[in-house]
Amino acid sequence: MSELLHGLPPLVGAHPTVLVLGNMPSVLSLAHDRYYGNPRNAFWRICGQIYGFDADAPYAQRAAALTGHGVAVWDVLRSCRRVGSLDSAVQPDSMVANDIVGFLAEHPGIGLLAFNGAAAARNHRRLIRDPPDLPTVLLPSTSPAHTMAFADKLRCWRAALG
């Protein structure tokens with residue numbers, strides 16, 4: 001049986017208006033204790049282009065720039081068992097969801113849920129009981145495992161968040 005993995009706390013500033021939800025942090029993200037810690041993941045490059053910050057800046061600066069634009073980041077899963085980083089490797093019976101409903105109640109200014117990939121959207125639908133009635137958008141995963149061209153990912157993300 002694989003090790004039980006625990007996700008990261010939400011990345012959130014004073015006045016979030018958008019919540020980007022991934023599924024579960026990658027092995028590298030968990031090891032570095034930071035969101036989208038795999039340098040091949042396009043998340044920070046995409047957000048840097050949309051919001052005008054240096055995607056290669058130190059993590060604290062990138063996080064502050066992102067949250068300063070009203071974007072909060074979290075994951076659907078609080079914990080799970082998984083070998084490797086692929087969403088398809090998550091053992092379904094091990095999934096425990098974060099308290100997204102409670103988070104949204106604490107941050108009533110959030111008006112959009114943006115799912116970073118299909119697994120996040122699917123698990124949110126499956127695990128979150130009585131979700132608030134908010135607009136949602138399914139965005140192409142920024143993971144390097146999702147082989148869509150960077151320019152195409154950027155275009156989709158910019159249309160939703162830009």
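Q: Which residues of H2 meet H6 in this predicted model?
A: From H2 come Phe43, Arg45, Ile46, Gln49, Ile50 and Tyr51. From H6 come Phe150, Lys153, Leu154, Trp157, Arg158 and Leu161.

Q: How do residues of one helix come to point the same way?
A: An α-helix has 3.6 residues a turn, so residues three or four places apart point the same way. In this predicted model, the H2 residues that meet H6 include Phe43, Ile46 and Ile50.

Q: What classes of residue make up the contact of H2 with H6?
A: The contact has 8 nonpolar residues, 1 polar residue and 3 charged residues.

Q: How is the packing of two helices described?
A: Take H2 and H6. Their axes are 10 Å apart, and the angle is about 50 degrees. That angle makes H2 oblique to H6.

Q: Is the crossing of H2 and H6 left-handed or right-handed?
A: The crossing of H2 and H6 is right-handed.

Q: How do the axes of H2 and H3 lie?
A: H2 covers residues 43–51, and H3 covers residues 59–68. Their axes come within 11 Å and cross at roughly 50 degrees. H2 and H3 are therefore oblique to each other. The crossing of H2 and H3 is left-handed.

Q: Which residues make the contact of H2 with H3?
A: H2 supplies Phe43, Trp44, Cys47 and Tyr51. H3 supplies Tyr59, Arg62, Ala63 and Leu66. By class, 7 are nonpolar, none is polar and 1 is charged.

Q: Is H2 mostly covered or mostly open?
A: H2 is mostly covered, with 7 of its 9 residues buried. Here, buried means under 20% relative accessible area. The buried residues are Phe43, Trp44, Ile46, Cys47, Gly48, Ile50 and Tyr51.

Q: What covers the buried residues of H2?
A: The cover includes helices H3 and H6. It also includes strands S2, S3 and S6. S3 spans 71–75, and H6 spans 150–161.

Q: What comes just after H2?
A: Glycine 52 comes there, with a positive phi of about 75 degrees.

Q: Which way do the residues of S6 point?
A: Leu112, Ala114 and Asn116 point one way. Leu113 and Phe115 point the other way. All of these residues are buried.

Q: How does S6 pair with S2?
A: S2, residues 18–22, runs parallel to S6, with 4 bridges joining them.

Q: How does S6 pair with S7?
A: S7 covers residues 136–139. S6 and S7 pair in the parallel sense over 4 bridges. Phenylalanine 115 stands opposite leucine 138 in S7.

Q: What is the strand order in the open sheet of 3 strands?
A: The order is S1-S4-S5, and the pairing is antiparallel.

Q: Which strands stand at the edges of that sheet?
A: S1 (4–6) and S5 (96–97) stand there. Each has a single partner strand, so one side of each lacks a neighbour in the sheet.

Q: What joins S1 to S4?
A: S4 covers residues 77–81, and S1 pairs with S4 in the antiparallel sense over 3 bridges. Leucine 5 has cysteine 80 of S4 as its bridge partner. Histidine 6 has serine 79 of S4.

Q: How many bridges pair S4 with S5?
A: S4 and S5 pair over 2 bridges, in the antiparallel sense. Leucine 77 has alanine 97 of S5 as its bridge partner.

Q: Let us end with one residue. Where does histidine 124 lie?
A: Histidine 124 lies in helix H5, residues 118–127.

Q: Is histidine 124 buried or exposed?
A: Histidine 124 is buried, because its relative accessible area is 8% and buried means under 20%.

Q: What is histidine 124 in contact with, leaving aside neighbours within four places in sequence?
A: Histidine 124 is in contact with Leu21, Val76, Ile100, Leu113, Phe115 and Pro131. The C-alpha atoms of histidine 124 and asparagine 98 are separated by 9.6 Å. Those two residues are 26 residues apart along the chain.

Technical notes: Residues numbered from 1 in each chain as written. Predicted model: local features only at pLDDT ≥ 70, side-chain atom pairs only at ≥ 80, totals over all residues. Heavy atoms only, no water. Axes fitted to C-alpha atoms, helices over the stretch in contact; angles between N-to-C directions. Parallel < 35°, antiparallel > 145°, perpendicular 65-115°, else oblique. Left-handed = near helix turned anticlockwise from the far one by under 90°. Contact = heavy atoms within 4.5 Å. Nonpolar A, V, L, I, M, F, W, Y, C, P; charged D, E, K, R; others polar. Pairing = 2+ DSSP bridges. Buried < 20%, exposed > 50% of the residue type's maximum accessible area, 1.4 Å probe, protein only.
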